[in-house]
Amino acid sequence: MRCLILLTVCLALAVVEAKKGKLALHNAINNFKRQAASCASDEFRCQNGHCIQAEWTCDTDDDCQDNSDETLPECPPQGQCTGDHEIKCNNGGCEPIEYKCDGDNDCGDGTDELECGEFTCINGELKCGSTDLCIESDWR
């Protein structure tokens, strides 16, 4: 009986620690998109106060978590893919260029996985070795 109680206590503590770890990860992600009094010159201030990289606006990805980076007047209407950061899927959707040739069918019709041998990184990014993955140039 003592072993069963001890095992139950250990399991309960493990669940608490796991939840703390998940919360820590969630907090780290939220701090990445930090809320600040002012943003740096190369950042965009979201309506919720978070700062994100300015180049992340109008890229079809809700980086602000309030969609304020995707509803700017300069953003194209939904379904019209423009700019260096988007690809147009054959089914009419748009996906971030970073999803091209990543091995996942993000478009749902395979468009983002076509012509991968010809894929090149956009300005400000460099290719990771012999892969079709790109990273920010300043991460080198």
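**Close-up views of a predicted model**

**View 1. Strand β6 in the lining of the largest pocket.** Strand β6, which spans residues 134–136, gives the most to the lining of the largest pocket, contributing three residues. The model shown here and in the other views is a predicted one. In total, 20 residues line this pocket, and those that lie nearest its centre are Trp56, Glu98, Glu125, Cys134 and Glu136. The space in the largest pocket comes to about 350 Å³, and its lining is made up of ten nonpolar, eight charged and two polar residues.

**View 2. Aspartate 69 in the loop between β2 and β3.** The loop that holds aspartate 69 runs between strand β2 (51–53) and strand β3 (86–88). Aspartate 69 counts as buried because its relative accessibility is 0%, which falls under the 20% cut-off for that class. Its side chain reaches the backbone nitrogen of cysteine 64 at 3.3 Å.

**View 3. The residues around aspartate 69.** When residues up to four places away in sequence are left out, aspartate 69 touches Phe44, Ile52, Trp56, Thr57, Cys58, Asp59, Asp61, Asp62, Asp63, Cys64 and Cys75.

**View 4. The chain as a whole, for orientation.** The chain has six strands and one helix, and along the sequence these follow the pattern α-β-β-β-β-β-β. Of its 140 residues, 28% count as buried, while the chain exposes about 9,600 Å², with carbon and sulfur atoms supplying 55% of that area. Among contacts between residues at least 6 apart in sequence, 15% join residues at least 24 apart.

How values were computed:
Residues numbered from 1 in each chain as written. Predicted model: local features only at pLDDT ≥ 70, side-chain atom pairs only at ≥ 80, totals over all residues. Heavy atoms only, no water. Helix = DSSP H or I, 4+ residues; strand = E, 2+ residues; numbered from the N terminus. Buried < 20%, exposed > 50% of the residue type's maximum accessible area, 1.4 Å probe, protein only. Contact = heavy atoms within 4.5 Å. Areas by Shrake-Rupley, 256 points an atom, 1.4 Å probe, with all protein chains shown as cover. Polar contact = N/O pair within 3.5 Å; in protein donor to acceptor, adjacent residues only side chain to side chain. 1 Å grid on protein atoms, 1.4 Å probe; cavity = no way out; pocket = protein on both sides within 12 Å on 5 of 7 lines; lining within 4 Å. Points joined across faces, edges and corners; volume = space filled by probe spheres on them. Nonpolar A, V, L, I, M, F, W, Y, C, P; charged D, E, K, R; others polar.
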